[in-house]
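Student: I have the sequence and the structure open. Can we go through a few points, beginning with the strands?

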Amino acid sequence: MGKSTESSGNFFAKLFASLFSSSDPEVLKKKELKNIAKSLSKTHNNFYKFSSDEVEPGLAKLFYTIYKAISPSQVMFQAMANQNVLKSMVMTRSLSEKEAELYQQLSEDSIREKAKQMQYAQLSESVNAALENFMGSFDMERINKINAMYLNILSYQAFCTYDFYFFLKKFDSSLRERDFDTQPHFDAINAEYVREDLKDFVSIAWALQKDTDWNSVMNFFKQIKGVEPIAAKTWNQILNKLSSFRRARVFEMLIKLASKDPSYEPQITMPAGNVVEPYLDKVKNDALNVLSALKNEQKKSKVDGILSQLFGADVGMRLKNYTDAINSDFIKHKLITYEYTQPLNYLKAFLLDFVKGSMRGFCDLVLIRGQWATTPLSAPMSEAYNALLETSNAITAFDDKLAEDGEIGIKIKTHIPSSLRSKDAANILSTLIEDANDEAKGYIISASRDLITIGKTIKALLEDYAKMPKSEMIVNWKELDKFAEEPIKEQGVTIYKMIYLFVQLMQSYIGNK
């Protein structure tokens, strides 16, 4: 009989529930929220009051305890606002004694100091060897370990720099930042006021890993600041407390109630970053950039020295149109530029001032008045000299073509205004400029070869001159001495030296092209 009565009761209870239950989403949501509130109350944290939808002072007291504990860390991170400085510190502290020594060798000051004591090739070899040793000491296991350490530091930084003060001031408007001498008085507040703050807190707090090697993190800060930012015991207590809340989903339930959203799930902001590879790339690039700068400086110094010996104080502008002046207009229209303006100008100057000057007198003396043992001996020098004269005229004609009213210049002037909006115009201009550069380079190369031919012949002539009276190339050196305005040997040595210097100058511009 008892069982029958109990069965009947259950039947009517279910029937009653089915008759009066609702499928209204709002009713279901309220019911679900009520159940969440019950589950939250069972955690006995006293953070929320369902009847008034208020967050209790107990939550503020928890945050205040954390705020007080991590406050020194907040101050520390404010002084380390530049993230690149933090990255550099992480890497610097990870270096062994040997690696720190290699790192110092790769610094700009060290490389420049070495440059005073050794040739560039030797310096480059030394720097590259140091780079190889330094980079090779970082295997994947070590890279992963350092990166993990950095990410842990970022997690700690994100947690400590959470705006606890802003959160707490909502519970006590008289609260003063980092004033822990006065005991705050926290009031219950509407849960909606801290809904977004709690979401932000969870997103960074849940990124903290309890089983992380936090001792290494704290030791890192102790090394750079002299003291640990927080006592290990205190930090472990905070981590344990947060871990307990996370397991019980306390904050998730609190946020669901504050936002009236039973489906809420936290969005955890995990730190991301790779500190090792960018650091190694920077060390490598910085060192190689110093080497490159030194090479350019040495090249400029060498060029300046050669120019001074060849032309004195000022070379002067010998070209009117193939110059750097128009390059700014090319750059403005996103075009390539005239590439050999300087060396071609130097070549024109050398041909005008030297080849048609002091070299002409020497060449006329030995080629016209000189009695060569056989004609083929004089042919290379004669042909090379005449070729240089032709090159000088060709460069003038080339430069004239690039004038605004010249054959090429007028085309450039016509197409450059529309080159930014017309691909066809830009392509035409690029072709014209490339052709001009090829032609300029051709003059430099051919003139250099002709000068080398003349230089070799002059060297052979000086050796032949020294053999008098048993000369084998020119048989009338004695007669030529009478016609020479300056001693033949001195003229030949000077011309040979000038040719050698000028060819070196040209090689500094086109040697690797």
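This is a predicted model: local features need pLDDT of at least 70, side-chain atom pairs count only at pLDDT 80 or more; totals for chains, interfaces and linings use all residues.

Student: How many bridges join β1 to β2?
Tutor: Strand β2 covers residues 54–55. β1 and β2 run antiparallel. The number of bridges joining them is two.

Student: Which strands are the edge strands of the sheet?
Tutor: The open sheet holds three strands, paired antiparallel in the order β1-β2-β3. An edge strand here pairs on one side only. The edge strands are β1 (48–49) and β3.

Student: Is Asp179 buried or exposed?
Tutor: Asp179 sits in the loop between α9 (164–169) and β3 (189–190). Its relative accessible area is 15%. Buried means under 20%, so Asp179 is buried.

Student: With which side chain does the side chain of Asp179 make a polar contact?
Tutor: The contact is between two side chains, at 2.7 Å. The partner of Asp179 is Arg176.

Student: Is Arg421 buried or exposed?
Tutor: Arg421 lies in the loop between α18 (409–415) and α19 (423–465). Its relative accessibility is 70%. The cut-off for exposed is over 50%, so Arg421 counts as exposed.

Student: Which backbone oxygen does the side chain of Arg421 reach?
Tutor: The distance is 3.4 Å. A polar contact requires N or O atoms within 3.5 Å. The backbone oxygen belongs to Pro417.

Student: What separates the C-alpha atoms of Arg421 and Lys87?
Tutor: Along the chain, Arg421 and Lys87 are 334 residues apart.

Definitions and conventions: Residues are numbered from 1 along each chain as its sequence is written. Side-chain values use heavy atoms; hydrogens and water are left out. Helices (H or I, at least four residues) and strands (E, at least two) are DSSP runs, numbered from the N terminus. Buried means under 20% relative accessible area, exposed over 50%, partly exposed in between (1.4 Å probe, protein chains only). A polar contact is a pair of N or O atoms within 3.5 Å; within protein, one must be able to donate a hydrogen and the other to accept it, and residues adjacent in sequence count only if both atoms are side-chain atoms. Two strands pair if DSSP finds at least two bridges between them.
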